[in-house]
Amino acid sequence: MAKKSIHDRADRLYDLLRLLRGGGVQRAGDLAARLGVSTRTIYRDVERLAASGVPVTGTRGTGYVLAQDITLPPLTLTAAEIEALNLSLAVLAEAADDDLRTAATSLSAKLDAALPTEALSDADAWKTTFSPFADASRTLSHLPLLRSAIKVRQKVVLTYTGADGTVTRRVIRPLRTAYVARSWTLTAWCELREGLREFRLDLIESADALPELFVEDPDTLLSGAAPAQEVRRQPD
């Protein structure tokens, strides 16, 4: 029961973030109604998000909003430097040393509040994955393969656990990754569902590249157009 409760809470936090990402001030009562929980639960969930570093601001009675990120002066970081910094923080966030873990979490929160969300392209984005949703190591293990597949337009097969606990095998055409409020998602054309789907990286059990490339323009697939021809990659 404890595991189910933790899983349910993670799903609820993710749904809460999706609502907050809609923009504007969101009142706790309205959020509670849409999620089917009590207002008190929303208060607790917002506190959990804020404690984990999500830039949510507001007060009870007035509503909540995701704060806008700002540029961090006076540093100018290259894409490679941001990758190295945030990957290091994600690893340290799971260190056995309490002081290192606390410092990594604190610094990660400061970076989240200072770096622009669109600092990198979709395929190159790599921010710290320490979050209230899942073990950072699982998300980190999938990012290199998915980033590479997006760049070369390579099909990937996923073993994916849905929010309801159902495990499915999906052949996908990965199009872009997104990192918003400490949560990683992947947008892809799913051949099983024959349409666009958004996958949470923390719910991907396994990901393997297939010896097939797809030739559709990513913008075409992202518009919801049906896929056309494909090309098979020859083995080395």
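Is Arg173 buried or exposed, and what is its relative accessible area? Arg173 is buried, at a relative accessible area of 3%. Buried here means under 20% relative accessible area, exposed means over 50%, and partly exposed is in between, with a 1.4 Å probe and protein chains only.

Some ground rules before I go on. This is a predicted model, in which local features need pLDDT of at least 70 and side-chain atom pairs count only at pLDDT 80 or more, while totals for chains, interfaces and linings use all residues. Residues are numbered from 1 along each chain as its sequence is written, and side-chain values use heavy atoms, with hydrogens and water left out.

Back to Arg173. Its salt-bridge partner is Glu191, with the closest N and O atoms 2.9 Å apart. By salt bridge I mean a side-chain nitrogen of Lys or Arg within 4 Å of a carboxyl oxygen of Asp or Glu. Arg173 sits in strand S4, residues 167-180, and Glu191 in the loop between strand S5, 183-190, and S6, so that the pair links distant parts of the chain, 18 residues apart. Helices (H or I, at least four residues) and strands (E, at least two) are DSSP runs, numbered from the N terminus. Through shared partners, salt bridges join Arg173 and Glu191 with Lys155, Glu212 and Glu216 in one network.

The whole structure has nine salt bridges. Two others involve helix H1.

One is between the side chains of Asp11 and Arg200, at 2.9 Å, N to O. Asp11 belongs to helix H1, residues 2-20, and Arg200 to strand S6, residues 195-200, so this pair ties together parts 189 residues apart in sequence. Both ends are buried: Asp11 has a relative accessible area of 9%, and Arg200 has 6%.

The other joins Asp45 to Arg12, where the closest N and O atoms are 2.6 Å apart. Asp45 is in helix H3, residues 39-51, and Arg12 is in helix H1, so the pair ties together parts 33 residues apart in sequence. Asp45 and Arg12 are both buried.

Last, a residue in strand S5: Thr187. Where does Thr187 stand, buried or exposed? At 13% relative accessibility, Thr187 counts as buried. Leaving aside residues up to four places away in sequence, Thr187 touches Pro174, Leu175, Arg176, Leu196, Arg197, Glu198 and Leu222. Contact here means heavy atoms within 4.5 Å.
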